[in-house]
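The exercises below are to be worked with the sequence and the 3D view at hand. Try each task before reading its solution.

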Amino acid sequence: MLDKKSPLPMYYQIEEDIKQKIDSAIYSERETIPSERELSEQYEVSRMTVRQAVTNLVNEGYLYREKGKGTFVAEKKIEQPLQGMTSFTEDMKQRGMNSSSKLLDFTIIPPPADIKRKLSLEEERQVYEIHRIRYADHQPMAVERTFIPVALVPGMQEKDVYGSIYEYIEKNHDYTIHKATQMIEATIADEEQAELLDIVPAAAILHIERTSLLQDGTPFEVVKSSYRADRYKFISEIHRS
Ligand code: 16G
């Protein structure tokens, strides 16, 4: 099956073959691939060569290893475009996935200094602090901590934030959500985040902070979120002008 005369190294050809088998679901998500021994027999190469191919695919996130159990096919990451300001609910709907949230906390607090600054709030203004786990098809994808000025969205209650906060805000107030600035940073999960996201502590996560504005320029939310790096990748289209 491999082209031994090709200038492409054997391990590379094996990687491409395994990737193709993942794409065509010959190897299905969350299922094991054949053992090193089986693969080396199948491709007629040394186990070292197979190991190199598999290790590269593990490092690239196509496969993952479980001690004592074998090597498994990772689930495909969700590709999230960076242009366009969408909500989690809209993103999942577009993909035909079912979105849901678990509300961990809903409180009204005086804003911490950085939130107060980002929301351009004066001294005595209070904010909602909403802490949610966001699920796609019942799998945890992100934890979000959202801060919204109470004066801007008075009367919001727990029951209003299980679904889409954007939908609630736009439907119940005469507001148009306009734009946001967003920062993405690589980090690792602490114990609490790992537990909430069902990942191992110190797994990679993407920390994202968004400050969003209404049409008239009023900042209406600051969101600090942690997305699972094994399930998400962000894509942007860039132009050379
Ligand atoms: C997304 C946004 C978050 C926003 C939320 C609203 C990112 C990184 N975050 O998760 O800032 O608050 O959508 O979602 O995109 P909702 O309307 O479904 O509650």
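**Exercise 1: Contacts of the ligand**

In this predicted model, an oxygen atom of the ligand lies 2.5 Å from an N or O atom in the side chain of S164. Find how much of the ligand's area the protein buries, and find the distances from ligand oxygen to the side chains of R132 and R134.

Solution. Step 1: taken alone, the ligand exposes 460 Å², and 98% of that is buried by the protein. Step 2: for R132, an N or O atom of the side chain is 2.9 Å from an oxygen atom of the ligand. Step 3: for R134, the distance between a ligand oxygen and a side-chain N or O atom is also 2.9 Å.

**Exercise 2: The shell around the ligand**

State where the ligand sits and which elements supply the shell around it.

Solution. Step 1: the site is the second largest pocket. Step 2: the ligand is surrounded by 16 residues, with T89, E144, S164, I165 and R210 the closest. Step 3: at least two shell residues come from each of α4 (88-94), β5, α6 (165-172), β8 (204-214) and β9 (219-228). Step 4: β9 gives the largest share, three residues.

**Exercise 3: The sheet**

Give the strand order of the open sheet, and explain why one side of β4 and of β7 is left without a neighbour.

Solution. Step 1: the six strands run in the order β4-β5-β6-β9-β8-β7, with antiparallel pairing. Step 2: β4 (99-109) and β7 (177-188) are at the edges and have a single partner strand each, so one side of each has no neighbour in the sheet. Step 3: from one strand to the next, the twist averages 15°. Step 4: β4 pairs with β5 (residues 127-136) over ten bridges in the antiparallel sense. Step 5: L103 stands opposite R132 in β5, and the side chain of R132 has an N or O atom 2.9 Å from a ligand oxygen.

Notes: Residues are numbered from 1 along each chain as its sequence is written. This is a predicted model: local features need pLDDT of at least 70, side-chain atom pairs count only at pLDDT 80 or more; totals for chains, interfaces and linings use all residues. Side-chain values use heavy atoms; hydrogens and water are left out. Two strands pair if DSSP finds at least two bridges between them. Helices (H or I, at least four residues) and strands (E, at least two) are DSSP runs, numbered from the N terminus. Axes are lines fitted to C-alpha atoms, for helices over the stretch in contact, and angles run from 0 to 180 degrees between N-to-C directions. A residue is near a molecule or strand if one of its heavy atoms lies within 4 Å of it. A polar contact is a pair of N or O atoms within 3.5 Å; within protein, one must be able to donate a hydrogen and the other to accept it, and residues adjacent in sequence count only if both atoms are side-chain atoms. Accessible areas come from the Shrake-Rupley method with a 1.4 Å probe; for residues, only the protein chains shown count as cover. On a 1 Å grid over the protein atoms alone, a cavity is a set of points where a 1.4 Å probe fits but cannot get out, and a pocket is an open set with protein on both sides within 12 Å along at least five of seven lines; lining residues have an atom within 4 Å of a point. A molecule sits in a cavity or pocket if more than half of its atoms lie within 2 Å of its grid points.
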